[in-house]
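Please keep the sequence and the model in view while reading.

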Amino acid sequence: MSKESIQTQILQLVEQYYEEAHKESGEFTEGDRIQYSGRVYDAEEMVNLVDAALEFWLTSGHYVTEFEQGLADFLGIKHCSLVNSGSSANLCAFMALTSPKLGDRRIKKGDEVIAVAAAFPTTVTPIVQYGAVPVFLDVTIPEYNIDVTRLEEAYTLKTKAVFIAHTLGNPFDLQAVRDFCDKHELWLIEDNCDALGSKYLYNGQWQMTGTLGDLSTYSFYPPHHITLGEGGAVCTNNTQLYRLVNSFRDWGRDCWCASGVDDTCKHRYTQQFGELPMGYDHKYVYSHFGYNLKATDMQASVGCAQLKKLPGFIEARKENWKYLRQQLDDIQDVIILPEKSEKADPSWFGFLMTVREDAGFTRDELAQFLEGRNIQTRNLFSGNYIKHPCFDEMRAQGEGFRVIGDLSKTDVIMNRSLWIGVYPGMTKAKLDYMVKSLKEFIQEKKS
């Protein structure tokens with residue numbers, strides 16, 4: 001039997017195995033676990049994964065190239081660099097802006113980067129670890145995005161960038177932020193990890209989030225819009241930034257050849273770098289202090305199948321969020337319900353709620369009740385990041401970061417907000433059970 005015949009037989013068996021071992025019935029009984037998010041897949045992902053395993057290339061290969069091009073095409077952006085996580089994507093995006101190759105626009109130690117504290121840590125961690133200074137602005141409720149009215153107040157001659165996320169898929173005011181960055185010649189990194197497929201009406205035209213920043217980042221951890229198991233990406237229209245991202249991802253090397261390819265520039269042995277000998281092999285010249293943050297072909301193979309499903313995933317998230325918003329409209333006396341930002345068409349990651357101060361119950365009581373009903377809940381990530389133990393030393397010393405205003409809305413989120421899921425694995429029965437449980441809890445507290 002030929003290897004092609006064996007491969008075909010194996011992949012056919014994988015399809016059969018999916019049907020027997022992985023395919024979900026879709027049935028739901030009240031009390032069954034409802035996750036806030038999770039993997040949604042079929043046999044194609046498993047077939048691709050086994051196909052990549054049979055090829056046994058293991059590192060970055062043709063599936064990586066296919067995925068990078070597919071995501072770039074979906075977004076309508078020039079360049080995509082696949083990495084091993086969304087956190088690595090944020091690290092590579094930020095570090096690219098520290099490169100000496102950017103001249104006066106590079107971020108240096110002590111320079112300032114505007115951020116929010118109501119965030120996932122990895123939008124802030126690279127700033128702190130590098131030695132730059134995060135400058136925290138408050139957010140608005142019920143949009144849960146940066147308060148753009150304080151941007152000018154945050155600006156100083158040390159400001160070099162804005163690094164913020166679209167919260168749970170809801171785009172921040174890209175018009176105001178992009179205009180601010182253009183006015184002051186600042187870099188903009190869009191953390192698009194929770195907003196893949198969201199759109200924003202920019203200068204009168206709908207554009208994908210992730211295409212208006214100088215760099216944008218993505219996560220493909222299982223709860224996100226698509227999954228590679230682990231994985232992330234950095235996207236950009238700027239070819240110089242693309243090469244810098246790849247340099248930091250690929251050990252800091254100066255060479256920009258694809259994996260397994262040599263001498264793309266035709267000058268592999270003809271250049272002078274640093275104090276190296278003339279003609280030193282360009283594949284082993286390092287222009288940055290980089291990392292190895294590449295993804296594997298096996299991960300990318302899963303992503304290639306997921307990309308085909310992405311439009312359907314986005315629509316499901318929108319419909320699930322819309323249904324919850326309609327069904328819960330009558331609880332607004334005790335719960336602040338989420339609202340999309342003006343000029344936004346969100347690809348929602350979750351349904352975020354804030355318990356009103358005079359509701360007669362706490363966020364934690366509500367969370368414990370829902371969890372007791374087997375409904376998974378989540379806080380809005382760090383709540384207020386600067387209150388966490390990792391900031392203890394900086395708070396004590398009074399240095400290393402700045403705060404504009406009092407972050408009062410951020411503290412509201414820390415104390416009174418939580419969210420539930422809208423991912424494509426939700427069924428109407430699950431949504432109805434979440435609505436029923438919320439209303440039963442509120443009625444019990446009122447009575």
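A residue is called buried when its relative accessible area is under 20%, exposed when that area is over 50%, and partly exposed in between, with a 1.4 Å probe and protein chains only as cover. The model is predicted, so that local features need pLDDT of at least 70 and side-chain atom pairs count only at pLDDT 80 or more, while totals for chains, interfaces and linings use all residues. Residues are numbered from 1 along each chain as its sequence is written, and side-chain values use heavy atoms, with hydrogens and water left out.

Helices (H or I, at least four residues) and strands (E, at least two) are DSSP runs numbered from the N terminus. In helix H1, the residues Leu 11, Val 14 and Tyr 18 are buried. An α-helix has 3.6 residues a turn, so residues three or four places apart point the same way. Helix H2 (43–55) is included in what covers the buried residues of H1, where contact means heavy atoms within 4.5 Å. Helix H1 itself runs over residues 3–22, and its 20 residues reach 27 Å from the first C-alpha to the last, close to the 28 Å expected at 1.5 Å a residue; that expected span is 1.5 Å times one less than the number of residues.

The chain as a whole has 13 helices and 14 strands. Its radius of gyration is 23 Å, close to the 22 Å that the globule rule gives for 447 residues, so the chain is as compact as a globular protein of that length; the radius is taken over C-alpha atoms, and the rule is 2.2 Å times the number of residues to the power 0.38. Along the principal axes, the C-alpha trace spans about 80 × 70 × 45 Å. Of the 447 residues, 55% count as buried, and among contacts between residues at least 6 apart in sequence, 74% join residues at least 24 apart.

Thr 217, found in strand S8 (residues 215–219), counts as buried because its relative accessibility is 0%.

Side chains of opposite charge can pair when their charged atoms come close. A salt bridge is a side-chain nitrogen of Lys or Arg within 4 Å of a carboxyl oxygen of Asp or Glu, and the structure holds 31 of them.

| Salt bridge | N to O distance |
|---|---|
| Asp 111 and Lys 160 | 2.9 Å |
| Lys 183 and Glu 152 | 3.1 Å |
| Asp 262 and Arg 268 | 3.7 Å |

Asp 111 counts as buried at 11% relative accessibility, and Lys 160 counts as buried at 16%. By contrast, Lys 183 is exposed, with a relative accessible area of 58%, and Glu 152 is partly exposed at 39%.

Trp 251 lies in the loop between helix H8 (239–249) and helix H9 (297–327), and counts as partly exposed at 41% relative accessibility.
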